[in-house]
Amino acid sequence: MAVPLPAVYEAFDLPRTELAAQALHYAAEVEPEVIFRHSVRSYLFARALADHDGMRAGADFDDELVFLSCVLHDLGLSEQGNGDQRFEVDGADLAARFLRARGTGEDAVTVVWDAIALHTSVGIASRKGPEVALAHAGITVDVLGLGRESLPEGFADRVHAAFPRTDLAYEMTDLIARQALANPAKAGPLSFPGQLLRRHLPPGALPDWYDLIAEAGWGDRPPGHPDTPTA
């Protein structure tokens with residue numbers, strides 16, 4: 001059944017299913033506005049990239065799953081989604097609960113969970129299936145501009161006019177960092193949130209890879225170290 005959408009969406013081709021409408025409403029309700037608009041733009045860019053690559057909704061990918069993945073991908077930056085895991089996983093878990101509560105099948109839940117949990121994982125999301133890959137591509141275009149040359153001429157301007165950026169990349173980065181400063185368990189030293197947190201702490205406060213090796217307890221030494229045995 002086609003679901004009516006607010007006027008701002010009428011110029012764009014959004015899924016009109018009941019579940020899609022519920023997800024859109026939920027994200028708008030719980031997320032900061034700047035994050036919600038980013039989520040919608042991510043879907044619009046994902047669909048445009050699919051068109052550019054000759055991918056057809058219903059044949060090459062499930063459009064509703066791409067929409068759900070994009071619109072719900074930053075639930076971890078909401079108060080409801082702010083738990084003790086890195087924000088991507090917290091968001092994926094909340095999205096899965098949202099979908100299961102509405103009777104969504106486990107295969108679909110798994111696709112959305114993967115898309116959300118992996119949306120900052122370069123080189124992994126793109127290998128997980130068309131819906132996960134498209135969501136990752138759309139999100140990446142909106143944050144970092146990577147792939148923007150594949151968008152139709154003038155399309156990004158139309159999208160930004162309807163859903164303004166308001167300095168999205170910096171606003172989002174600050175929000176992730178604030179969560180991590182309040183709860184360092186959300187920012188493992190090798191994670192994307194950990195990378196952001198490191199810039200807000202004194203030098204050496206958050207270990208890097210070499211610190212972790214040194215603290216592993218196995219006594220490994222780097223090549224050329226005086227105590228490293230020679231072959």
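## Glu88 and Arg86

Glu88 is buried, at 0% relative accessibility. In this predicted model, the side chain of Glu88 forms a salt bridge with that of Arg86, with an N to O distance of 2.8 Å. Arg86 is partly exposed, its relative accessible area being 28%.

## Lys186 and Asp90

A salt bridge also connects the side chains of Lys186 and Asp90, at 2.6 Å from N to O.

Lys186 counts as buried because its relative accessibility is 2%, under the 20% limit. Asp90 is buried as well, with a relative accessible area of 7%.

## Asp142 and Arg165

In the salt bridge between Asp142 and Arg165, the closest N and O atoms are 3.0 Å apart. The two residues are 23 residues apart and link distant parts of the chain, Asp142 lying in helix H6 (residues 130–144) and Arg165 in the loop between helix H7 (155–162) and H8.

Asp142 is buried, at 1% relative accessibility. Arg165 is partly exposed, at 25%.

## Network and total

Salt bridges also link Asp13, Arg47 and Asp63 in a network. The count for the model comes to 10 salt bridges. Side chains of opposite charge can pair when their charged atoms come close.

Conventions: Residues are numbered from 1 along each chain as its sequence is written. This is a predicted model: local features need pLDDT of at least 70, side-chain atom pairs count only at pLDDT 80 or more; totals for chains, interfaces and linings use all residues. Side-chain values use heavy atoms; hydrogens and water are left out. A salt bridge is a side-chain nitrogen of Lys or Arg within 4 Å of a carboxyl oxygen of Asp or Glu. Buried means under 20% relative accessible area, exposed over 50%, partly exposed in between (1.4 Å probe, protein chains only). Helices (H or I, at least four residues) and strands (E, at least two) are DSSP runs, numbered from the N terminus.
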